[in-house]
Amino acid sequence: MPEMTARDVIAIVELCNARGILAHIDGGWGVDALLGRQTRTHTDLDIAVQHKDVPQLRALLAERGFRDVPRDDTYDYNFVLGDAHGHQIDVHSYTFDAAGNCIFGIPYPFDSLTGTGSINGHTVKCIAPNWMVKFHTGYQFDEDDFQDVKALCEHFGIALPSEYEEYEKRCATKKK
């Protein structure tokens, strides 16, 4: 299975930085950046960018062999780009108005884009820890999600969301 390595992630972040594209790491790599260590392998990289930067980002990544990956959940503001080596970048875009309200795209709250983390010693912008935990609620999560949320809550002193507490209790009961 293809893997998006820390080296791959840093290359994308540095490319964005060099071109003035503000990219926030989301998803599994965002969790690992917040924790300051890689906890598992990742098949993709989730990034949040301003929608105005999408054309430039697409062009930059196309120069490096990235093309659209057809999916049923593709929108102008949420799409996946992949290369011939199986690397995938899940792009989430947004537009804020002057008051900081999301008026287009993925509805990131303004203060969710305030996190800072580290990947292999490189400082990266990412989703803030409390929002990363909130973004992992309200859907059918898997074991990776559970491990991510539990690690974030322990590391940052955030209360484990109720659905994760219930899951943890069910798992403990099954092991007895």
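Between which two strands is the loop that holds N120 found? The loop lies between β7 (115–119) and β8 (122–126). The structure is a predicted model, in which local features need pLDDT of at least 70 and side-chain atom pairs count only at pLDDT 80 or more, while totals for chains, interfaces and linings use all residues. Residues are numbered from 1 along each chain as its sequence is written, and side-chain values use heavy atoms, with hydrogens and water left out.

**Overall architecture**

- The chain contains six helices and eight strands; helices (H or I, at least four residues) and strands (E, at least two) are DSSP runs numbered from the N terminus.
- Read from the N terminus, the order of elements is α-β-α-β-α-β-β-β-β-β-β-α-α-α.
- The C-alpha trace spans about 55 × 40 × 35 Å along its principal axes.
- For 176 residues a compact globule would have a radius of gyration near 16 Å, and the 17 Å of the chain agrees with this; the radius is taken over C-alpha atoms, and the globule rule is 2.2 Å times the number of residues to the power 0.38.

**Burial, surface and contacts**

- Of the 176 residues, 44% count as buried, where buried means under 20% relative accessible area, exposed over 50%, and partly exposed in between (1.4 Å probe, protein chains only).
- The chain exposes about 9500 Å², of which carbon and sulfur atoms supply 50%; accessible areas come from the Shrake-Rupley method with a 1.4 Å probe, and for residues only the protein chains shown count as cover.
- Among contacts (heavy atoms within 4.5 Å) between residues at least 6 apart in sequence, 52% join residues at least 24 apart.

**Helix α1**

- Helix α1 (residues 6–18) has 13 residues and reaches 18 Å from its first C-alpha to its last, close to the expected 18 Å; the expected span is 1.5 Å times one less than the number of residues.
- The buried residues in α1 include A6, V9, I10, I12, V13, L15 and C16.
- Following α1 is G20, which has a positive phi near 75°.

- Strands β1 and β2 (residues 45–50) run antiparallel and are joined by four bridges; two strands pair if DSSP finds at least two bridges between them.
- D26 has D46 in β2 as its bridge partner.

**Residue N120**

- N120 is not a glycine, yet its phi is positive, at about 50°.
- Most residues other than glycine have a negative phi.
- N120 counts as exposed because its relative accessibility is 62%.
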